[in-house]
Structures are given as C-alpha cells and as structure tokens.
Amino acid sequence: MNIKREILPNKKSRWRRVAIILIGILTGLGFFMAKEASIVSYMSDDPLACVNCHVMTPMYNSWMHSSHREQASCNDCHVPHDNVLNKYYFKAKDGLLHASVFTARAEPEVMFMREESEEVVQNNCIRCHVQQVTQVKYDGWLEDHKESRTERKCWSCHQELPHGTVHGLSTVRNNIAPIPTDNVETVIPEWLNQQIRK
C-alpha cells in the first residue's frame, strides 16, 4: 500500500495541488509554532526553560533564592526519575497540559500541584533526603516523626522550600523575569569556594 496515494489525491485531480499547498502550510505553521514556543528547550534540564511561560516567573525567582538552587533544578523535583521514558512522558504530558491552560488563558490565580505531580515531588524529596527521612534520632524530639515521615507530604512541615509563600499570579508584576538580564552568579565568596574545593 502506497502512503502517498492515501494522502494525496490522484495526479489528474485538481485537488492534488490544493492538498500539497495545504500540507505545506500546515507543516510550516507547525515548525513556526515549535520555534516560537521554544519546544526544544523543554527537553533540557535548564530551569530557564520553565520561564518561557511567564506565570512561572515567581516560582523561578523564589527557587533562585533558595537553598535548592545549587543542588536541584526544576526537573530534579518535578519529574520522575525511575527511567528516561517515564521522565520524558511525564514532561510531555505535563507540558501539554500547561501549554493548553496557558494558551486558553485559564491559569488560576494561585497554582497548586495536581495529585499526580504531588506524588512525583514527594518521591523526589525522599529520593534526595532519604537519610533525613529515615534517621531515628528525630523520633525522640519530633512528635509523630516515625509515623509521619513517609505518610504525609514533606511540604506540610517544610512549607517554605524551595518556593516560599508567594505563589499568586498577582505577584508577577513584582517579579522581574530572569531572561535575559538575570545571569546566574555565585553568591559564595572566593575564599569559601577555595575551602569547599579542598
């Protein structure tokens, strides 16, 4: 079976030229939209890709001033790390949801994670902080630590990490977008950097 015959009308048909032009226009629009939306950047682990969408500016800025900045990017917390296929499937699924909500101008004033995203973030918190979660020394001075350390969400206690308390879209006007002016510069003094390297 020839695919060309299935897609394009018969050579003698006057609709063949129209079909070729329409396919060309749709292909061109697809490439144009992919370029304008910076689709390739979303495949990276660069946190600046998240700020392609302006509603993420407060989250990016709060992360930039958090303790997680030096150790974890957006993807380290917000996508699964069990295998590469699941990682990119989750990114694509979440990205399409975000893009459709953003395109429809339906983003909420205050954003919260969906249940599926909460599970991913919780698993990543435990993946990185497994020693703190399983240490027995906390049992003596943190009430219910033994029972609660894997059942409740980490952010029920650690609310300020890594994004702080400012989450509303009304704060966007008070946030300066990091592109292109906010270059990542280290805040660690040189003498301390040398001590760390030793």
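Analyst: Let's begin with a word we'll need: two residues are in contact when they have heavy atoms within 4.5 Å of each other. Keep in mind that this is a predicted model. Now take the contacts in the protein chain between residues at least 6 apart in sequence: 63% of them join residues at least 24 apart.

Next, the overall layout. The protein chain has nine helices and zero strands, so reading from the N terminus you go α-α-α-α-α-α-α-α-α. Of its 198 residues, 25% count as buried.

The part to zoom in on is helix 3, which covers residues 57–64. How many of the residues of helix 3 are buried? Eight of the eight are, so helix 3 is largely enclosed by the rest of the structure. If you want to find them on screen, look for T57, P58, M59, Y60, N61, S62, W63 and M64.

Y60 has a relative accessible area of 5%, and for W63 the value is 8%.

Now for their rings. A pair of aromatic rings is described by how far apart the centres are and by the angle between the planes. The count of aromatic pairs here comes to one. That pair is Y60 and W63: their ring centres are 5.7 Å apart and their planes are at 50 degrees, so the pair is tilted.

For another view of how helices can meet, move along to helix 5 (residues 84–103) and helix 6 (residues 115–128). Two packed helices are described by the angle and the distance between their axes. Here the axes come within 12 Å and cross at roughly 140 degrees, which makes helix 5 oblique to helix 6. The crossing of helix 5 and helix 6 is left-handed. On the helix 5 side you'll find F90, K93 and D94, and they meet E116, S117 and V120 in helix 6. Sorted by class, this contact has two nonpolar, one polar and three charged residues.

Key. Residues are numbered from 1 along each chain as its sequence is written. This is a predicted model: local features need pLDDT of at least 70, side-chain atom pairs count only at pLDDT 80 or more; totals for chains, interfaces and linings use all residues. Side-chain values use heavy atoms; hydrogens and water are left out. Axes are lines fitted to C-alpha atoms, for helices over the stretch in contact, and angles run from 0 to 180 degrees between N-to-C directions. Helices (H or I, at least four residues) and strands (E, at least two) are DSSP runs, numbered from the N terminus. Angles under 35 degrees count as roughly parallel, over 145 as roughly antiparallel, 65 to 115 as roughly perpendicular and the rest as oblique. A crossing is left-handed if the near helix is turned anticlockwise from the far one by less than a right angle, and right-handed if clockwise. Ala, Val, Leu, Ile, Met, Phe, Trp, Tyr, Cys and Pro count as nonpolar, Asp, Glu, Lys and Arg as charged, and the others, Gly among them, as polar. Rings of Phe, Tyr and Trp (its six-membered ring) pair if their centres lie within 6.5 Å; planes under 30 degrees apart count as stacked, over 60 as edge-to-face and the rest as tilted. Buried means under 20% relative accessible area, exposed over 50%, partly exposed in between (1.4 Å probe, protein chains only).
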